[in-house]
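Subject: Structure handover

Hi,

Here is the structure you asked about. My notes follow below it.

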Amino acid sequence: KQNDEIGQLAVAFNQMGRQLKHHLEVINQEKEQLSSILTSMTDSVITFNRDKTILVSNPPAERLLQKWFVEKGLKSSKPIPEELYQMLDHVLSFEDQLDEELQLGKSYYSITISPLYSGDSIRGAAAVIRDKTEETKLEKLKSDFIANVSHELRTPIAMLQGYSEAIIDGVVTSEE
């Protein structure tokens, strides 16, 4: 409460402290909001460091990583499949986004990997992985069903067409 240099310095420190507290609250709110968004997503989201170590993953990604680990067993120390590492290498090397459909075993995935920047340099990458196994199975069932139905419809029509042509050509002599 003094008016000298020490008092002005104290006022400046108190003002900076309030501003810092406000900025920390805003940052924490944004962090909690991003955490809530990641947690509520149905797609798997994994962020990688430049050295390809996993930084952050949401619950669906954790389940996917566990599934991959169980499928590989103790054969590999790498937590993700080799194909994903190759895609990650491409993104980190060429600094561009990558969208691909990938089959791993009996599962199908849609994978998007984007670089994460820190200023001008790449500090890592974010991968969004959607399990499309059920969609692929349903699409195959649909195409098989359509093929079977069209075959079943074509067979009697072809027989009727053959008999009709035989009657028109006069091959059949009896009226019955």
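K52 counts as partly exposed because its relative accessibility is 27%. (Buried means under 20% relative accessible area, exposed over 50%, and partly exposed in between, with a 1.4 Å probe and protein chains only.) K52 sits in the loop between strand 1 and strand 2. Its phi is positive, near 70°, and K52 is not a glycine.

Before the rest, the ground rules. This is a predicted model: local features need pLDDT of at least 70, side-chain atom pairs count only at pLDDT 80 or more, and totals for chains, interfaces and linings use all residues. Residues are numbered from 1 along each chain as its sequence is written, and side-chain values use heavy atoms, with hydrogens and water left out. Helices (H or I, at least four residues) and strands (E, at least two) are DSSP runs, numbered from the N terminus.

E95 also has a positive phi, near 55°, and is not a glycine. Look for E95 in the loop between helix 3 and strand 3. At 42% relative accessibility, E95 counts as partly exposed.

Now helix 2. Its buried residues are P60, A61, L64, L65, W68 and K72. Seen down the helix axis, they fall within an arc of 135°, so they line one face of helix 2. (The arc is that of the directions from the helix axis to the C-beta atoms.) R63, Q66 and V70 are exposed on the face turned away from the buried side. What do the buried residues of helix 2 pack against? Strand 1 (44-49), strand 2 (54-57), helix 3 (82-94), strand 3 (98-104), strand 4 (107-118) and strand 5 (121-131). Contact here means heavy atoms within 4.5 Å.

Helix 4 covers residues 133-169. At 1.5 Å a residue, its 37 residues should span 54 Å, and its end C-alpha atoms are 53 Å apart, which agrees. (The expected span is 1.5 Å times one less than the number of residues.) G170 follows helix 4, with a positive phi near 80°.

Last, the largest pocket. Its lining consists of L34, S35, L38, T39, T47, V56, S57, N58 and P59. (On a 1 Å grid over the protein atoms alone, a pocket is an open set of points where a 1.4 Å probe fits, with protein on both sides within 12 Å along at least five of seven lines; lining residues have an atom within 4 Å of a point.) Helix 1 gives the largest share of the lining, four residues.

Best wishes
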